[in-house]
Amino acid sequence: MPFHQPHLLGIEPLHPVEITTLLDLADTYAERNRKGLPGGDALRGLTQVNMFFEPSTRTQSSFEIAGKKLGAEVMNMGIAASSVKKGETLIDTALTLNAMRPDLLVVRHPMSGAVDLLAQKLQNCAVLNAGDGRHEHPTQALLDALTIRRAKGRLHRLSIAICGDIAHSRVARSNILLLHKMENRIRLVAPPTLMPPGIDAFGCEVFHDMEEGLQGVDVVMMLRLQRERMDGGFVPSEREYFHRYGLDAEKLGHAAPDAIVMHPGPMNRGVEIDGTIADDINRSVIQTQVEMGVAVRMAAMDLLAQNLRATRGRAALGEEV
Amino acid sequence: MTTLIHNVILIDPEAGTETPGALVLRDGAIAERLPAAPESLERFAEVVDGGGRHLAPGIVDWGVKVSEPGERHKESFRTAGLSAAAGGVTTIVTRPDTAPAIDTPEILEFVARRAAQDSPVRVLPMAALTKGREGREMTEIAFLRDAGAVAFTDGDRVVEDTRVFGRALTYAKGLGALVVSHVQDPGLSRGAVMTSGKFASLRGLPAVSPMAERLGLERDLALAEMTGARLHADQVTTAAALPALARAKAQGLDVTAGVSVHHLTLNDFDVGDYRTFFKLVPPLRQEEDREAAVEALASGLIDVLCSMHTPQDEESKRLPFEAAAPGAVGLETLLPAALRLVHGGRIGLPQLFRALSLNPSRRLGLPTGRLVVGAPADLVLFDLHAPFVLDRWKMRSKSKNTPFDGARLQGRVRGTWVAGHRVWEG
């Protein structure tokens, strides 16, 4: 089986074949979901724990629905009310979890690398990264990839613009890694204060002018700009940002005529994206992204569960794992 | 007692030579320096055959954190001293960034007493420059100096208020006291745990431009020029900062600079998958900066090479990278790591020991660091070529946070003498 990962910690360790495998499976789940068919029982008998150290509505519920559709027992750990607030370290949390023996662990954490650390300390459990600091958000990149593949019919040799707060975005990092692995042309558009240093070394073209950056692209991927970064810290004001980097009909006119518009949500209408574009069913695939999110997470957990069961099977037979 | 160490290659950093010879030690000092062992060995109470290995002045490691008072579970004077002896370090110059900070003569006396009781090597304390290292009011510099403080520093905390720092420098100048500053722009480096660049961007870690070091250095050099004070920059690690240092020295300012061995032998890529043992202050630099710093050490622009020994227990390191405590232990690995530069042909042994022993001694006004008759018999005997793989659990330091765990190193310390007494045999 061409998917060999014990965890899904990021896009970085994935091989293009693994990405394709995952997307192919997600495609079938998307179709089943659309037809209202049951998801199956890939996770039957397994316990899925969602542990969010950072508030999240859409990602957490997407993982929850995905797990339930595949028959997992899903539990959400409310971290805000938990022992982390009492000073428990991440390692102790991991040890506590170990003792509870979850099968799938979905983690979001505000610090880069924290999910990797947790995965190192957990045994006999597949860990899915639901976002760690500014590092990676692999399922978001995968659902974006599936959305692009379905809309464009392919996931290679496309020109894709990623626009907005790239410096603070894990979504941008995972997308850059994935789209690069699949051999696309990536253009990054942001004010210099929101562009991470050395990013051109990743094989991206860097633009500070939106109209130039969008020239002829097939996909426009907008990123969320957090409001606290707009008060003069990174950009002078909301209105100046919208004027220069907000996606409106005029700027979108520079993209290819059939270009699609994406946004990982939640959107700030009138800040990074004009409401009419977000709602334009001919251009915007934002709702499809949410739909694909469930399918991609079903596929990811299905594949990881298969690997987990295989590893356990080998262990039961006394083979070395 | 008279000791003869013969059949060794003497590394003389002052003369810049490596010559076969022998040393006679008497009353804690070097009594004779001979081209070879004398024919009759009867007059010596002890004779050490060096087996053709290298003998150099003992290392003076400037900027060691011994976690007393406050965090003795991380390091004590006993374990730091043993670790130093095993690493060929004969004098440790300690940092005042303890809890509480060493900012009064009373605390300094406590430290000096603990050190004298427990450490097999010499311990010279530095004291805080401002009370509580808070950057607001200067400490009792004269009292602290009289109690034995060899230099004044707030450790890795920058005195942000230039007026406070300027006045402290002026006051220190009046006493001839040496001030050690951490050269870093506090605004740019706030919250940063890496050097900015493609690797920090890939890992998504908050990062600081290497230019922050130049800003900090330029500021401190300007204040040194303004006040005429004696200033030592603790760690200069970036290419951008070096021209400023060269200019200040050419101008005749009384300034020197150091660098840690980690910044000469590791770069930002070594952080790998968020390995917190590689989280240092300042953060590890990109390869070009490392190269430039190695060159600056070889040319003598950077004067002092040290370990910046910073013990941290497992708890403070087993955290997400951003939350983990910074620093690495280095007393035991300073010499073998520095010898990587010798084996790589980047620096000669006499030059290396200028930076390890002679220059720090001179700058701190110590009689050590030399191989001349009358100098203290603080010596290190080492096998330049002996290879080994470092096992952190075998180190003598209480804390095991070394970035060299599992690293292949070449160069083992076989003997360490402090004031003529052998404190290590390996």
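Reader: Which residues of chain B does UniProt list for "domain: Dihydroorotase catalytic"?
Author: The unreviewed UniProt entry lists residues 52–237 of chain B for that domain. Keep in mind that what you're looking at is a predicted model.

Reader: OK, how much of that span is helix, and how much is strand?
Author: Residues 52–237 of chain B are 38% helix and 19% strand.

Reader: What does UniProt list for residues 286–423 of chain B?
Author: The unreviewed entry gives "domain: Amidohydrolase-related" for those residues. That stretch of chain B is 30% helix and 20% strand, with its end C-alpha atoms 38 Å apart.

Reader: Zooming out, how many helices and strands does chain B have?
Author: Chain B has 13 helices and 17 strands. Its C-alpha atoms fill a box of roughly 65 × 50 × 45 Å along the principal axes.

Reader: What's the radius of gyration of chain B, and what would a compact globule have?
Author: Chain B has 21 Å. A compact globule with 426 residues would have a radius near 22 Å, so the value for chain B agrees with that.

Reader: And how much of chain B is buried?
Author: Buried residues make up 62% of the 426 residues in chain B.

Reader: What about contacts between residues that are at least 6 apart in sequence?
Author: In chain B, 74% of those contacts join residues at least 24 apart.

Reader: How many positive and negative side chains are in chain B?
Author: There are 49 positive and 52 negative ones, and the centres of the two sets lie 1 Å apart.

Reader: Let's take Arg58(A). Where is it found?
Author: Arg58(A) is in helix H2 of chain A, which covers residues 58–69. Not counting residues up to four places away in sequence, Arg58(A) touches Pro264(A), Gly265(A), Pro266(A) and Val290(A). Gly265(A) and Pro266(A) are also in that UniProt binding site list.

Reader: Why does Arg58(A) count as partly exposed?
Author: Its relative accessibility is 40%, and partly exposed runs between the 20% limit for buried and the 50% limit for exposed.

Reader: And Gln140(A), buried or exposed?
Author: Gln140(A) counts as buried, because its relative accessibility is 6%. Gln140(A) lies in helix H5 of chain A, residues 138–152. Leaving out residues up to four places away in sequence, Gln140(A) touches Val171(A), Pro264(A), Gln289(A) and Arg297(A).

Reader: Back to Gly265(A) and Pro266(A). What kind of peptide bond joins them?
Author: A cis one, with omega about -10°. Pro266(A) sits in the loop between strand E9 (260–262) and helix H10 (275–278) of chain A.

Reader: What's the peptide bond like from Ala99(B) to Pro100(B)?
Author: That bond is cis too, with omega near 0°. Pro100(B) lies in the loop between strand E6 (89–94) and helix H2 (105–118) of chain B.

Reader: Someone mentioned the phi of Arg157(A). What is it?
Author: Arg157(A) has a positive phi of about 50°, although it is not a glycine. You'll find Arg157(A) in the loop between H5 and strand E5 (159–163) of chain A. Arg157(A) counts as exposed, because its relative accessibility is 69%.

Reader: And Met308(B), what's its phi?
Author: Met308(B) also has a positive phi of about 50° without being a glycine. Met308(B) is in the loop between strand E14 (304–306) and helix H11 (314–317) of chain B. With 14% relative accessibility, Met308(B) counts as buried.

Reader: Last one: where does Gly216(A) lie?
Author: In the loop between helix H7 (210–213) and strand E8 (219–222) of chain A. Aside from neighbours within four places in sequence, Gly216(A) is in contact with His254(A), Ala255(A) and Ala256(A). The C-alpha atoms of Gly216(A) and Leu122(A) are separated by 46 Å.

Conventions:
Residues are numbered from 1 along each chain as its sequence is written. Chains are lettered from A and ligands numbered from 1 in the order in which they are written. This is a predicted model: local features need pLDDT of at least 70, side-chain atom pairs count only at pLDDT 80 or more; totals for chains, interfaces and linings use all residues. Side-chain values use heavy atoms; hydrogens and water are left out. Helices (H or I, at least four residues) and strands (E, at least two) are DSSP runs, numbered from the N terminus. The radius of gyration is taken over C-alpha atoms; the globule rule is 2.2 Å times the number of residues to the power 0.38. Buried means under 20% relative accessible area, exposed over 50%, partly exposed in between (1.4 Å probe, protein chains only). Contact means heavy atoms within 4.5 Å. Lys and Arg count as positive and Asp and Glu as negative; His and the chain ends are not counted. The place of a charge is taken as NZ of Lys, CZ of Arg, CG of Asp or CD of Glu. UniProt positions are given in the numbering used here, feature names are shortened, and annotations may be inferred rather than shown by experiment.
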